[in-house]
Amino acid sequence: MKRFLMLFSAFLLLCGCTKPNGLTLPASDYAPTPYAEVAEKSPSTEAAKPTDEAPFCEVDGVVFNHDMTELLSYPLDKKDKSYTVPDSVIRISPEAFAYSQVESVSFGEGVQEIGARAFYGSGIKSITLPASVQYIGEYAFAAPNLSKVLLLGAPPELEEAEDGLPFYRYAHEGETVFSSDYAPPTIYYLSENADSFAPNGEEYWQGYSIAAADGIDG
């Protein structure tokens, strides 16, 4: 019996199932990752840190360039009805919000350019553009529910397309159809900028119906 127990112990040792007293195990190359490093790599709502291989960053699904000066893409499946553009953003990329569900967007004071079709086919209903905006690309706000546009600064440069303008409402039936039933929204301006939009009391600017913003809601 004693001989059996000795043989059984030797068997367990060979299988690595026991550690007899006095036995020194070989050193392992494995070392647990410090908690601080694990926390740093954990998912969060903060911007992901860019690398040479991934020169973009993402915040809550919204994709930006590496220094967050350009908003590149807003998720189509994002359910939020409103969104605030970070103050660091200078440019909204072409088609960045195209076909998204967002209905209201607040821009930071640094936004200078809004690319072509940026909000094309989106759920946007009204838009307020800061005085910093200098350029708006073709069909940037061609959206079926857009009814009001408020410009807080001087008239920006508009890129016109052959069959449409940056601000336009349209019917979408299999393909985009521009018709008189979906006329461009009214463009509102601040009274202090009246001389830029309507120096002689004009009611149209760049083909749009315009009006002073005094007294309008929101």
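Is T84 buried or exposed? T84 counts as exposed because its relative accessibility is 56%, where exposed means over 50% relative accessible area, buried under 20% and partly exposed in between (1.4 Å probe, protein chains only). The views below show a predicted model, in which local features need pLDDT of at least 70 and side-chain atom pairs count only at pLDDT 80 or more, while totals for chains, interfaces and linings use all residues. Residues are numbered from 1 along each chain as its sequence is written, and side-chain values use heavy atoms, with hydrogens and water left out.

**View 1. T84 in strand β4.** T84 belongs to strand β4, residues 82-84; strands (E, at least two residues) and helices (H or I, at least four) are DSSP runs numbered from the N terminus. The C-alpha atoms of T84 and G108 lie 7.7 Å apart in space, although 24 residues separate T84 and G108 in sequence.

**View 2. The open sheet of seven strands.** The order of this sheet is β1-β2-β3-β5-β7-β9-β12, and its pairing is mixed. Since β1 (56-59) and β12 (157-158) are the edge strands, each with a single partner strand, one side of each is left without a neighbour in the sheet. Two strands count as paired if DSSP finds at least two bridges between them. Strand β5 (residues 91-92) and β7 meet this criterion with two bridges in the parallel sense, and I92 stands opposite I114 in β7.

View 3. N65 is part of strand β2, residues 62-65. With 14% relative accessibility, N65 counts as buried. The N65 side chain reaches two backbone nitrogens: that of T69 at 2.9 Å and that of E70 at 3.0 Å. A polar contact is a pair of N or O atoms within 3.5 Å; within protein, one atom must be able to donate a hydrogen and the other to accept it, and residues adjacent in sequence count only if both atoms are side-chain atoms. When neighbours within four places in sequence are left aside, N65 is in contact (heavy atoms within 4.5 Å) with P55, F56, C57, E70 and L72.

**View 4. Two loop residues with positive phi.** R117 is not a glycine, yet its phi is positive, at about 60°. R117 is located in the loop between β7 (113-114) and β8, and its relative accessible area of 26% makes R117 partly exposed. Y139, also a residue other than glycine, has a positive phi near 55°. Y139 occupies the loop between β9 (135-136) and β10 (141-142) and counts as buried, at 4% relative accessibility.

**View 5. The open sheet of five strands.** Here the strands follow the order β8-β11-β16-β18-β17, with mixed pairing. One side of β8 and of β17 (204-205) is left without a neighbour in the sheet, because each stands at an edge with a single partner strand. β11 and strand β16 (residues 186-189) are paired in the parallel sense over four bridges, and I187 in β16 is the bridge partner of V149. β16 also runs parallel to strand β18 (residues 208-212), joined by three bridges; Y188 stands opposite A211 in β18.

**View 6. The β17-β18 hairpin.** Two bridges pair β17 and β18 in the antiparallel sense, with Y208 in β18 as the bridge partner of W205. Two residues lie between the strands of this hairpin, and Q206 in the turn has a positive phi of about 55°.

View 7. Four bridges pair β8 with strand β11 (residues 148-151) in the parallel sense, and L129 stands opposite L151 in β11. L129 and L151 are also among the residues that line the largest cavity, including P130, V133, L152, G153, A154 and P156. A cavity is a set of points, on a 1 Å grid over the protein atoms alone, where a 1.4 Å probe fits but cannot get out, and lining residues have an atom within 4 Å of a point. A search of the whole structure finds one cavity of 30 Å³ or more, and the volume of the largest cavity is about 40 Å³, a volume being the space filled by probe spheres set on the points, which are joined across faces, edges and corners. The lining comprises seven nonpolar, one polar and no charged residues, where Ala, Val, Leu, Ile, Met, Phe, Trp, Tyr, Cys and Pro count as nonpolar, Asp, Glu, Lys and Arg as charged, and the others, Gly among them, as polar.

Note on methods: On a 1 Å grid over the protein atoms alone, a cavity is a set of points where a 1.4 Å probe fits but cannot get out, and a pocket is an open set with protein on both sides within 12 Å along at least five of seven lines; lining residues have an atom within 4 Å of a point.
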